[in-house]
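Please examine the sequence and the three-dimensional model shown below. This briefing sets out the computed features by topic.

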Amino acid sequence: MSQRINENPMWISGALCAQTGPDVFFPEQGETAELAKQICSGCPYKDPCLQYALDHDERFGVWGGLDQAELRRLRGRAA
Ligand code: SF4
């Protein structure tokens, strides 16, 4: 995920996805996001990552353990 964040928040270099290929976090249509979500489940930066995605209106990929459909639903509840 480190390549998808332009602002390089301080936490990103220690995130588990920084040690993984970014493709895992952007599953193609019909592919599962389960591997990315599994990685996120052990990441100590889930909360700031999710907050970053919400603050920056990220629409694609897995952030903070949520896939894009789950992020969309969360945004819908917050609106
Ligand atoms: S929660 Fe997932 S996407 Fe977010 S920084 Fe951690 S591993 Fe990366």
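The points below cover the overall fold, the helices, the nonpolar core, a cavity and selected residues.

This is a predicted model, in which local features require a pLDDT of at least 70 and side-chain atom pairs count only at pLDDT 80 or more, while totals for chains, interfaces and linings use all residues. Residues are numbered from 1 along each chain as its sequence is written, and side-chain values use heavy atoms, with hydrogens and water left out. The protein has 3 helices and 0 strands, and its pattern along the sequence is α-α-α.

**Overall architecture**

- Helices and strands are DSSP runs (helices: H or I, at least four residues; strands: E, at least two), numbered from the N terminus.
- Of the 79 residues of the protein, 35% count as buried; buried means under 20% relative accessible area, exposed means over 50%, and partly exposed lies in between (1.4 Å probe, protein chains only).
- Among the contacts with a separation of 6 or more, 41% are accounted for by residues 24 or more positions apart; a contact means heavy atoms within 4.5 Å.

**Helix α1**

- Helix α1 spans residues 34–41, and its buried residues are A36, K37, I39 and C40.
- Seen down the axis of α1, these buried residues fall within an arc of 160 degrees, so they line one face of the helix; the arc is that of the directions from the helix axis to the C-beta atoms.
- The face of α1 turned away from the buried side carries the exposed residues Q38 and S41.
- The cover over the buried residues of α1 includes α2 (46–55) and α3 (68–78).

**Helix α2**

- In α2, the buried residues are C49, L50, Y52 and A53.
- Viewed down the axis of α2, its buried residues fall within an arc of 155 degrees, so they line one face of the helix.
- An α-helix has 3.6 residues a turn, so residues three or four places apart point the same way.
- D47 and D55 are exposed on the other side of α2.
- What covers the buried residues of α2 includes α3.

**Nonpolar core**

- A nonpolar core is a set of buried Ala, Val, Leu, Ile, Met, Phe, Trp, Tyr and Cys residues joined through side-chain atoms within 4.5 Å.
- The largest nonpolar core has 17 residues, of which F25, V62 and W63 touch the most other members.
- The elements giving two or more residues to this core are α1 and α2, and the largest share, 4 residues, comes from α2.
- V62 is placed in the loop between α2 and α3 and is buried, with a relative accessible area of 1%.
- V62 and F25 are 37 residues apart along the chain, and their C-alpha atoms are separated by 5.2 Å.
- In soluble globular proteins, nonpolar side chains tend to be buried together.

**Cavities**

- The whole structure contains 2 cavities of 30 Å³ or more; on a 1 Å grid over the protein atoms alone, a cavity is a set of points where a 1.4 Å probe fits but cannot get out, and lining residues have an atom within 4 Å of a point.
- The second largest cavity has a volume of about 30 Å³; grid points are joined across faces, edges and corners, and a volume is the space filled by probe spheres set on the points.
- R59, Q68, R72 and R75 line the second largest cavity.
- By class, this lining has no nonpolar, 1 polar and 3 charged residues; Ala, Val, Leu, Ile, Met, Phe, Trp, Tyr, Cys and Pro count as nonpolar, Asp, Glu, Lys and Arg as charged, and the others, Gly among them, as polar.

**Individual residues**

- R75 lies in helix α3 and counts as buried at 17% relative accessibility.
- Leaving aside neighbours within four places in sequence, R75 is in contact with A53, L54, D57, E58 and R59.
- D57 is located in the loop between α2 and α3, and it has a positive phi of about 50 degrees although it is not a glycine.
- With a relative accessible area of 36%, D57 is partly exposed.
- P27 lies in the segment before α1 and counts as partly exposed at 24% relative accessibility.
- Not counting residues up to four places away in sequence, P27 touches T32 and A33.
- The C-alpha atoms of P27 and F60 are separated by 9.2 Å, and these residues are 33 residues apart along the chain.

Methods: 1 Å grid on protein atoms, 1.4 Å probe; cavity = no way out; pocket = protein on both sides within 12 Å on 5 of 7 lines; lining within 4 Å.
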